[in-house]
Amino acid sequence: MTRRFLFVLGSSRDDGNTETLARRAAEQLPEDVEQQWIDLAAHPLPDFVDLRHDSDRVRPTEGPEALLLDATLAATDIVIASPLYWYSVSAHTKRYLDYWAGWLRTPGLDFKPTLAGRTLWGVTVLAEHEQVVADPLIGTLNNSAAYMGMRFGGVLLGNGSKPGDVLHDADALTRAKTFFQGETPLARFPHES
């Protein structure tokens, strides 16, 4: 299967530091690797309603949910580009991941078997110099990948607050050049290590 990257932008700011860092990393991908970029603020999902005990879900055919579902199923690599908001992913990103719970139970999708073996990546920029504060975000993505049977490529971390600050983080820009290279291990829950 040809690699196809889906970049899910979870910021509530246009052209923010996280998107800038994600685009720097994406520039290093080979030209034959397809890239799709979806800005969750431009394609907002309504609040997720958990119907798993009430009724069967129906595959969406239009709107942001259909767009995101189709893009997610088509991707070999899903990159969650979310700024660190209150030490985890943004509300837009969390809502997108909540929809995965519904897609797991949508008849005919085979959502979990389709994503199994594919790779989940993360990109985030934080205003804190101690990167350990991003551990909850990293845990969210790692554990989501582990539950789905996916590989986890890790999280590219950068530093910045106001727009453009990440361009002064030389270490992050250097890591961006090789972030999408190499093998990605099968994700494991912390208790499985």
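How many salt bridges does a search of the whole structure find? The search finds six of them, where a salt bridge is a side-chain nitrogen of Lys or Arg within 4 Å of a carboxyl oxygen of Asp or Glu.

## Ground rules

This is a predicted model, in which local features need pLDDT of at least 70 and side-chain atom pairs count only at pLDDT 80 or more, while totals for chains, interfaces and linings use all residues. Residues are numbered from 1 along each chain as its sequence is written, and side-chain values use heavy atoms, with hydrogens and water left out.

Helices (H or I, at least four residues) and strands (E, at least two) are DSSP runs, numbered from the N terminus.

Side chains of opposite charge can pair when their charged atoms come close. D77 lies in strand 3 and R3 in the segment before strand 1, so the pair ties together parts that are 74 residues apart in sequence. For accessibility, buried means under 20% relative accessible area, exposed over 50%, and partly exposed in between (1.4 Å probe, protein chains only). By that scale D77 is buried at 3%, and R3 is partly exposed at 33%.

Then there's R4 with E34, whose closest N and O atoms are 2.4 Å apart. That pair links distant parts of the chain, with R4 in strand 1 and E34 in strand 2, 30 residues apart. E34 counts as partly exposed, at 43% relative accessibility. D47 and R95 also form a salt bridge, with closest N and O atoms 2.9 Å apart. Here D47 sits in the loop between strand 2 and helix 2 (63-74) and R95 in helix 3, 48 residues apart. D47 counts as exposed at 57%, and R95 as partly exposed at 22%.

## D39, a buried charge

D39 is in strand 2 (residues 34-39). D39 is buried yet has no salt bridge, and the nearest side chain of opposite charge, R23, is 7.7 Å away. On the charge count, Lys and Arg are positive and Asp and Glu negative, with His and the chain ends not counted.

So what does the side chain of D39 reach? The backbone nitrogen of A41, at 2.9 Å. Leaving aside neighbours within four places in sequence, D39 is in contact (heavy atoms within 4.5 Å) with L9, S11 and D14.

## Strand 3

Five of the five residues of strand 3 are buried, so this strand is largely enclosed by the rest of the structure. D77, V79 and A81 point one way and I78 and I80 the other.

Strand 3 pairs in the parallel sense with strand 1 (residues 4-9), over five bridges; pairing takes at least two DSSP bridges between two strands. In that pairing, F7 stands opposite V79. Strand 3 also runs parallel to strand 4, joined by five bridges, and there A81 stands opposite V123.

## Helix 5

Helix 5 (residues 135-148) has 14 residues and reaches 20 Å from its first C-alpha to its last, close to the 20 Å expected at 1.5 Å a residue. That expected span is 1.5 Å times one less than the number of residues. Just after the helix, G149 takes a positive phi of about 75°.

The buried residues of helix 5 are L137, L141, N142, S144, A145, A146 and M148. They pack against strand 3 (77-81), helix 3 (91-104), helix 4 (111-115), strand 4 (119-126) and strand 5 (151-159).

How values were computed. Polar contact = N/O pair within 3.5 Å; in protein donor to acceptor, adjacent residues only side chain to side chain.
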